[in-house]
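Open the model in your viewer and keep the selection tool at hand. The tour goes from one stop to the next, and each stop says what to select and what is there.

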There are 2 protein chains.
Amino acid sequence: MLTISIDPKSREPIYEQIYKYIREEIKQGNLSCGTKLPSSRGLSSHLEVSRNTIDMAYGQLLSEGYIESVPKKGYFVCASDTLYLEGIHIENNAREDEDESIDPTGEPECQIDFSLSGVDMDYFPYDKWRKIMRDCLMDDNKELFLSGNHQGDSSLRKAVQNYLHQSRGVQCRISQIIIGAGSDYMLLLLSRILEGVQHVAMENPAYKQAYTIFESLGYQMTPISLDDQGIRMDLLEASGANMVYVTPSHQFPFGTVMSATRKGQLLAWAAKEQNRYIIEDDYDSEFRYFGKPIPSLQSQDPFDKVIYIGTLSKAIAPGIRMSYMVLPEHLIEVYQKKAAFYFSTVSRIDQNVISQFFLQGHFERHLNRMRKVYKTKHDMLLQQLKSAGIPAQISGESAGLHLLLEFGEQVKEADRVEKKLLEAAKKEGVKVYALSDFYIREEERKPTILIGFARLKEEQIVNGVERLKRAWQNMPLQEED
Amino acid sequence: MLTISIDPKSREPIYEQIYKYIREEIKQGNLSCGTKLPSSRGLSSHLEVSRNTIDMAYGQLLSEGYIESVPKKGYFVCASDTLYLEGIHIENNAREDEDESIDPTGEPECQIDFSLSGVDMDYFPYDKWRKIMRDCLMDDNKELFLSGNHQGDSSLRKAVQNYLHQSRGVQCRISQIIIGAGSDYMLLLLSRILEGVQHVAMENPAYKQAYTIFESLGYQMTPISLDDQGIRMDLLEASGANMVYVTPSHQFPFGTVMSATRKGQLLAWAAKEQNRYIIEDDYDSEFRYFGKPIPSLQSQDPFDKVIYIGTLSKAIAPGIRMSYMVLPEHLIEVYQKKAAFYFSTVSRIDQNVISQFFLQGHFERHLNRMRKVYKTKHDMLLQQLKSAGIPAQISGESAGLHLLLEFGEQVKEADRVEKKLLEAAKKEGVKVYALSDFYIREEERKPTILIGFARLKEEQIVNGVERLKRAWQNMPLQEED
């Protein structure tokens, strides 16, 4: 019979004291493999506890595999050649956690950051957003907590379809739209769908995140230079790529628009072979300051070759994590077979809030407002740069949330000049960005600095440009060594 | 000079009328490639509109690539061999959309569905959830709309770490935790991290979604039969697999617990070779009705071989789309190199709401409540089944949200018998599930029906079992043809 000292005053339940005692006895080998345990009736009267208590303890040991039950014979200690593993169990937990809040680079923060990412949240209609959220949950809306359509709720896809049609000319059924948690996820999903695509061409310079993702997915990658109309068709043809990733409405980072001629050539290129595709990344087409929006390439594609990807990261906020992808009809069939089993990656509540944000007109109003806000900042930045007399050509000024400053003539090592410009700016407490960061492969070109304005206030823009002027005045731009 | 008839009363802005006229002239070939357009000054006086209006129209044509600007010479029509593509433009939109609300299978719905998916949302603390959401957004919390940590906000990971440590014995630093939008996404991400894993073994029967995902990702797959202790080690060794996906704390769908012996053997198996891993899917360990929770396999792993995956789909709700993965230390290093660039797939607001839900103790209270709610349903279902005299052995009753009914003896074509049982139930308006749905490869076994109870009310359980009794009484279970 087991002699277990039970402490009835312990906060630990009695069954647990018994369970732990027997577990330890087994672990330490005092109860060896095959040993029969006392019957629960016998042990209960021996320990003067209820039989139920013993049953609970035995049940726990059973469910963890320490003992086994042999019908009509009783409980036996299991073979446990590997039970030593349990020694390093649960208890020794308290490893100290690293403090992740410290900036890993250890660099001092610049006072003014002409950041290229992020949006201005000062004008976000928080009250509307809160109200929609409240309304969504007001009736204890159970529906929103259940699994939804894998492509996204149809009301949201309907709203996205309307928006894309009206503002981007995108033509599609809602069955062609897939909602997902960000553009990175969209590319992951796409890699599950596309058959026969092994080689991806990208604009050079480009949105490097997409390059990194494709590369990590094992695709052969070729960067393609641009001319003044867009991606160079001769290089694309010669590359042997069967997919090309482009930003036709607002080349990232140059801010140029692909010419209608080049768009046609690109579509014709894709039409030539069955497994050729174009990914149109329409990442910030919402913010044009002059004329109407450029219609999307998708809207001009008669060949069903364009995979359209858009995001709410710029139009609403990056923390939202929502993108949409419009697949050509025949790829939706492939999706149905090869990837439709993946559950949606966007929570139902978020989907509902955003579809209401669209339906109630807040999205459009917000965009119109932000276009004005950004235009004001944009114009002010432009005017400040011009009047400061910074010795650079300004480009990329018709749309988007950043400008480019080109310094001097084409040189072989533009990145070295850019580095100098960055360093000089940093000494004045200003962070700006080098075009070289966006080149997959360097080219002979004009040294170019990128300055974003979305997150800066007007006085910061004025102050930042003053500092840049100080930083860059009388700076020798040519190599002298 | 262009003669454009302008309608000053039109709601269409004048610049747009001019833009459209010229665009059409170019498209139809009336203005051919290389044609010089009138100067904006000339055209403005000709048409008696402001020069700014002409500049806007030209600007739009420029940005869409219809015309080009040659410095000091003027505007010229672009070469446009492919402009015909634009013919099928934007206008012809109104394709009717399919109505997705219709059930594609066209089957009449059963009155009582002993569904295996979903949760009971009647007891969800909606008021608490709403309050947390409101508080999160109350101060126009801009932070929540910006991009966050790619692995998930550290406050959320801290909360998950605490929870996993206390309730599952999981030992990890927060730097080992990755938050993602559902377990499917976690497996996708994992496939980007694991090097040298080509062959995945799974329990048979299993959670087939994981099987489908691994298969679609190109892994060689081997289903492994179970014995009463868990996955069969002899078959696993012989398979040549270097990763195994298991549900040790509550085998899905059998509901059994892997024995301590088998856990040790499994860990020892993984330790034998460098590229061997164990994925522990701890999908519903929250709901045990007897004894303490079974400690996770991860908590007993001295070899850093267990990749632990859990989800909030059962503990909170499937619509939430949040899972967590705990990687061994050395895999976090690989993650940093190979996949850390993927942005998080969970919105910052959701992350914040859930971390508050944890921190304020609502999660624990909710789980305790749901454990009682489900236990009541579970006990009632068990008691109803027993008293109905349904000729089946009941199993899987110590935990989880479903029970298994085993009919008769082992037979070769258990799936055929199950089909009969399903059909008979359906005639009585009851939907139950066949174990064959979860077999990757069929085995000689007892015909088995699965019945879930999470979403049914108590009276539905009573009514459902009555119907099952009618459906199955006097049903010949052996093949007679």
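**Stop 1**

Contact here means heavy atoms within 4.5 Å. Ala, Val, Leu, Ile, Met, Phe, Trp, Tyr, Cys and Pro count as nonpolar, Asp, Glu, Lys and Arg as charged, and the others, Gly among them, as polar.

Before going on, note how the model is described. This is a predicted model, in which local features need pLDDT of at least 70 and side-chain atom pairs count only at pLDDT 80 or more, while totals for chains, interfaces and linings use all residues; side-chain values use heavy atoms, with hydrogens and water left out. Residues are numbered from 1 along each chain as its sequence is written, and chains are lettered from A and ligands numbered from 1 in the order in which they are written. Helices (H or I, at least four residues) and strands (E, at least two) are DSSP runs, numbered from the N terminus.

Buried means under 20% relative accessible area, exposed over 50%, and partly exposed in between (1.4 Å probe, protein chains only). Among the buried residues are B:Y185, B:L188 and B:R192.

**Stop 1: the largest cavity**

Select A:R130, A:M133, A:R134 and A:L137 together with B:R130, B:M133, B:R134 and B:L137, which line the largest cavity. Two elements each give two or more residues to this lining: helix 4 (126-138) of chain A and helix 4 (126-138) of chain B. The lining divides into four nonpolar, no polar and four charged residues. How much space lies in the largest cavity? About 80 Å³. A search of the whole structure finds 16 cavities of 30 Å³ or more. A cavity is a set of points on a 1 Å grid over the protein atoms alone where a 1.4 Å probe fits but cannot get out, and lining residues have an atom within 4 Å of a point. Grid points are joined across faces, edges and corners, and a volume is the space filled by probe spheres set on the points.

**Stop 2: backbone exceptions**

Most residues other than glycine have a negative phi, and most peptide bonds are trans. Select A:F252 and A:P253, which are joined by a cis peptide bond with omega about 10°. A:P253 lies in the loop between strand 8 (243-246) and helix 9 (260-271) of chain A. In chain B, the peptide bond from B:N204 to B:P205 is also cis, with omega near 5°.

Next select B:D304, which is not a glycine but has a positive phi of about 60°. B:D304 is partly exposed, at 29% relative accessibility. B:R321 has a positive phi too, near 55°, and this residue is buried, with a relative accessible area of 10%.

**Stop 4**

Return to the loop between strand 8 and helix 9 of chain A and select A:M258. Is A:M258 buried or exposed? A:M258 is buried, at 3% relative accessible area. Beyond four places in sequence, A:M258 touches residues including A:E203, A:V246, A:L266 and, from the other chain letter, B:E64.

Move to A:F363 in helix 12 (residues 362-388) of chain A. The C-alpha atoms of A:F363 and A:P125 are 238 residues apart along the chain and separated by 9.5 Å.

Finish at A:E409, in the loop between strand 13 (402-406) and helix 13 (414-427) of chain A. A:E409 is exposed, with a relative accessible area of 59%. Leaving out residues up to four places away in sequence, A:E409 touches A:R445, A:K446 and A:P447.

How values were computed:
1 Å grid on protein atoms, 1.4 Å probe; cavity = no way out; pocket = protein on both sides within 12 Å on 5 of 7 lines; lining within 4 Å.
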